[in-house]
Amino acid sequence: MYSVPPRSAEVPNRHSLFWKLAILLVGFCLLMIGLSWSWGRHMETQNAYLSDQARITLTGYAAEAERAWKQGGQAGVDAWIADMASKEGTWVNVLGADLQSLSSTPLTPEQSRKITFLRGIDWPVSRRVIGLPWMRVPFVEHPQQGLLVIELPERLMPGRYRLFWRFMTNGVIPGLFTLLLCIGLYRMLIMPLIQLREQANAWRADQLSARVASSTTSRQDELGELGRAFDDMAERLQGTVVLQQQLLRDLSHELRTPLSRLRVACEGDADAGQLRERLGREIDCMQRLVEDALQLAWLDTERAPPSKEPIQVQALWDMLAEDACFESTWPSTQLHCALDASCWIQGNLNSVAQALENILRNAIRHSPASGVIRLDGRRQGDHWLLWLEDQGGGVAEAELERIFAPFTRLDGSRPGDGGFGLGLSIARNAIVRQGGRLWAQNTGQGLRLNILLPAVQQVGAGLPRDCGLSGSSPRGASPLPPGYNWPV
């Protein structure tokens with residue numbers, strides 16, 4: 001498992017879901033506040049002030065009253081008042097500049113008291129007052145000569161639909177905006193989670209090729225990171241399953257050859273000594289194949305980061321070269337190391353030793369008997385770039401990546417005699433697991449395998465005294481910890 005550092009103490013980045021939700025909620029609150037303020041003022045105007053149509057109607061009545069006074073005097077005003085009483089059904093009168101009636105009917109004391117509380121057509125009108133308000137409307141052409149006083153007709157009263165608009169303002173409109181907010185939150189939060197659930201259900205149905213929709217993986221927030229992590233996990237899971245299936249197929253294929261040879265040997269006429277020798281050789285071959293295959297499968301599925309310690313490459317090479325010379329009968333002069341004691345890398349000793357030994361054995365296997373194998377390297381920033389060159393003639397450019405695939409043998413050798421094609425696969429997996437790289441290139445005379453591994457930052461600082469890798473350690477002191485098992 002990859003260890004992910006906790007992010008609870010980090011400040012959310014500018015693409016974080018936190019900021020998106022904050023902007024959405026703050027925008028919604030500001031929208032509701034603005035709507036409440038603007039719409040509230042509008043509804044207050046609609047419910048407390050006369051409408052434009054009501055003002056035009058009252059102004060028209062004042063103009064008619066003025067014409068009736070000018071054209072017919074007191075009789076004309078009486079006729080007009082009688083006509084208005086039948087038209088609107090409310091009290092109407094026309095007053096002069098001295099607030100006395102211009103009709104033949106004088107004002108009663110109650111009416112005189114009420115005209116002291118007349119409202120202009122631009123004033124607010126409240127429905128809380130009992131009865132209909134009395135309005136004053138000056139003459140249109142000569143406002144100083146008189147005015148119309150009218151008890152406002154019910155049909156002209158503002159706020160006739162006050163309860164309806166209050167319901168719309170306080171219920172329907174906030175509900176619609178809240179619904180829009182819920183839709184936005186659903187699209188932002190729930191839809192990606194539904195896609196992730198579909199991805200998990202697809203895995204449960206063994207559909208390992210299913211991927212999260214691009215609308216989720218292209219996001220730059222935490223849900224986008226989660227979607228990309230799901231896709232990466234799906235790719236790794238699919239790759240692991242494919243590798244295991246391929247490994248089983250290749251392993252079963254490779255085991256058929258030694259088993260067939262065992263059957264032929266058992267059915268032949270060879271004497272007991274030759275049969276035992278043949279059986280032992282084929283059993284060793286199968287044992288090496290099974291061990292290498294299991295080791296490759298373990299390296300590919302093991303996700304825990306290996307423990308790391310400082311390793312001196314020169315001392316490690318001396319041990320590997322001594323063992324390789326013993327097995328291959330090559331003289332030590334043909335295995336040359338150009339690195340000095342300052343080359344320290346940070347890695348897992350078991351993994352690095354295994355990878356370097358597999359690379360060395362591969363180079364010996366494909367080099368001529370008089371060839372020279374050379375290990376060299378240089379420091380590149382925080383890493384050491386190491387390379388091992390042989391004189392085996394190299395491989396085709398198109399095969400440089402294929403040689404790291406399991407069970408790949410480019411020389412057409414028989415399984416077991418020329419190896420099983422697992423050494424470089426195991427080496428690459430071991431190097432990659434500790435943050436390094438392994439790749440191949442042709443040099444013109446042979447093959448060069450490049451290894452990039454982290455370097456020890458401060459050579460000599462904090463290095464264990466008993467690791468056996470210091471340049472002053474006696475030759476033959478083992479640089480490997482107790483219990484290390486050399487690969488067969």
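Two strands count as paired if DSSP finds at least two bridges between them. Strands (E, at least two residues) and helices (H or I, at least four) are DSSP runs, numbered from the N terminus.

This is a predicted model, in which local features need pLDDT of at least 70, side-chain atom pairs count only at pLDDT 80 or more, and totals for chains, interfaces and linings use all residues. Residues are numbered from 1 along each chain as its sequence is written, and side-chain values use heavy atoms, with hydrogens and water left out.

**View A. The hairpin of S9 and S10.** Six bridges hold these antiparallel strands together. Look for Trp439, which stands opposite Asn450 in S10. Four residues lie between the strands, and Gly444 in this hairpin takes a positive phi near 105 degrees.

**View B. The open sheet of five strands.** Here the order is S5-S7-S8-S10-S9, with mixed pairing. Strand S5 (335-337) and strand S9 (437-442) are the edges, each pairing on one side only. Further in, strand S8 (residues 383-389) runs antiparallel to strand S10 (residues 447-454), joined by seven bridges. Leu386 stands opposite Ile451 in S10.

**View C. Helix H8 on the sheet.** Helix H8 (residues 313-328) touches S5, strand S7 (373-380) and S8 (contact: heavy atoms within 4.5 Å). Its direction makes about 175 degrees with that of S5; axes are lines fitted to C-alpha atoms, for helices over the stretch in contact, and angles run from 0 to 180 degrees between N-to-C directions.

**View D. Helix H10 across S9 and S10.** Helix H10 (residues 423-432) runs at about 135 degrees to S9. Eight of its ten residues are buried (under 20% relative accessible area, 1.4 Å probe, protein chains only). Among them are Leu424, Ile426 and Arg428.

How values were computed:
Buried < 20%, exposed > 50% of the residue type's maximum accessible area, 1.4 Å probe, protein only.
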